[in-house]
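Hi,

Here is the structure I promised to pass on. My notes follow below it.

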Amino acid sequence: MRPVVLCFSGLDPSGGAGLQADIEAIGQSGAHAAIACTAVTIQSSQQVFGFEACAAALVKAQATAVLDDLPVKAIKSGMLGTTDNITMLTQLFAEQIISTDTPFVLDPVLVANSGGSLGDEKTLVSAFRQLLPYATLITPNTHELRALSGEQDLHSGAKKLCAQGAHAVLVKTSHDFDSGDIEQYLYIEGEMVHKSTLPRLEGEFHGSGCSLASFIAGRLAMGDDLIDAVKSADSWITQTLRAADDPHPEDAQAQLIPNRFIHS
Ligand code: PLP
């Protein structure tokens with residue numbers, strides 16, 4: 001069977017972000033996605049109206065059903081929604097229910113691209129620290145990087161997250177809207193090992209962060225090393241954004257939905 005990525009992620013009914021983004025991105029990476037649903041959000045492609053997080057015991061029961069059954073070769077987490085869910089995932093690693101050898105891509109979701117809250121930022125930020133030592137790669141956007149590290153400078157922030165235990169940090173400047181092209185840096189154990197420049201495409205995208213992190217997790221499950229996984233995810237995500245659907249062509253501010261049904 002195809003290698004499996006077990007994702008801990010929330011449902012976005014618009015289908016742009018969250019677990020649907022994970023399923024589509026991982027499918028395109030060549031792997032198979034299994035999902036432990038962490039939350040049901042109420043949102044359109046443009047706006048978050050609210051969410052209800054799943055109880056940690058329910059999320060754990062979903063995850064262990066998959067872990068007992070399928071060849072899980074990588075883990076990806078997105079919206080966890082509560083500190084209880086973060087603690088539960090930490091314990092799965094600490095108790096070796098998930099082997100600590102399993103590549104783990106941690107997308108530390110705090111807010112949606114639209115700005116809508118997907119959890120209590122302050123408590124989530126401190127809870128994420130316990131999960132960092134298990135992360136093969138953390139993929140914060142600039143807001144999340146600054147919130148987690150307490151550093152304004154992106155390079156200092158990435159080094160700090162490595163010092164706090166994350167093996168690697170992928171930094172993108174995509175949320176710094178005054179910058180030109182998107183710069184991306186990959187830090188491994190505090191050293192910058194890869195740098196790339198991606199074209200800044202017009203518009204804002206709903207679910208681009210989830211898609212990128214999941215595609216990387218899929219490629220890690222398929223056996224790529226981290227740098228190759230990041231490079232192939234870069235070229236794939238650029239294609240999905242170029243082909244994105246625009247639900248509101250009359251509104252220049254509307255968020256677009258990446259079209260993940262393209263082949264890398
Ligand atoms: N997870 C869920 C369930 C979401 O609803 C969102 C955003 O709406 C995200 C994650 C983060 O999405 P993005 O990839 O746009 O950062």
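Is Y134 buried, partly exposed or exposed? Y134 is partly exposed, at a relative accessible area of 24%. Buried means under 20%, exposed over 50%, partly exposed in between (1.4 Å probe, protein chains only).

The model is predicted: local features need pLDDT of at least 70, side-chain atom pairs count only at pLDDT 80 or more, and totals for chains, interfaces and linings use all residues. Residues are numbered from 1 along each chain as its sequence is written, and side-chain values use heavy atoms, leaving out hydrogens and water.

Aromatic rings. The whole structure holds three aromatic pairs. Rings of Phe, Tyr and Trp (its six-membered ring) pair if their centres lie within 6.5 Å; planes under 30 degrees apart are stacked, over 60 edge-to-face, the rest tilted. F93 and F104 are 4.9 Å apart at their centres, with planes at 35 degrees, so this pair is tilted. Both residues are buried. F93 also pairs with Y134, stacked, at 5.2 Å centre to centre and 10 degrees between planes. F93 sits in helix α3 and Y134 in the loop between α4 (121-131) and β6 (137-138), so the pair ties together parts 41 residues apart in sequence. Helices (H or I, at least four residues) and strands (E, at least two) are DSSP runs, numbered from the N terminus. Ring pairs link F93, F104 and Y134 into a cluster.

Helix packing. α7 (residues 208-221) and α8 (residues 226-242) pack at about 140 degrees, axes 8 Å apart. Axes are lines fitted to C-alpha atoms, for helices over the stretch in contact; angles run from 0 to 180 degrees between N-to-C directions.

Best wishes
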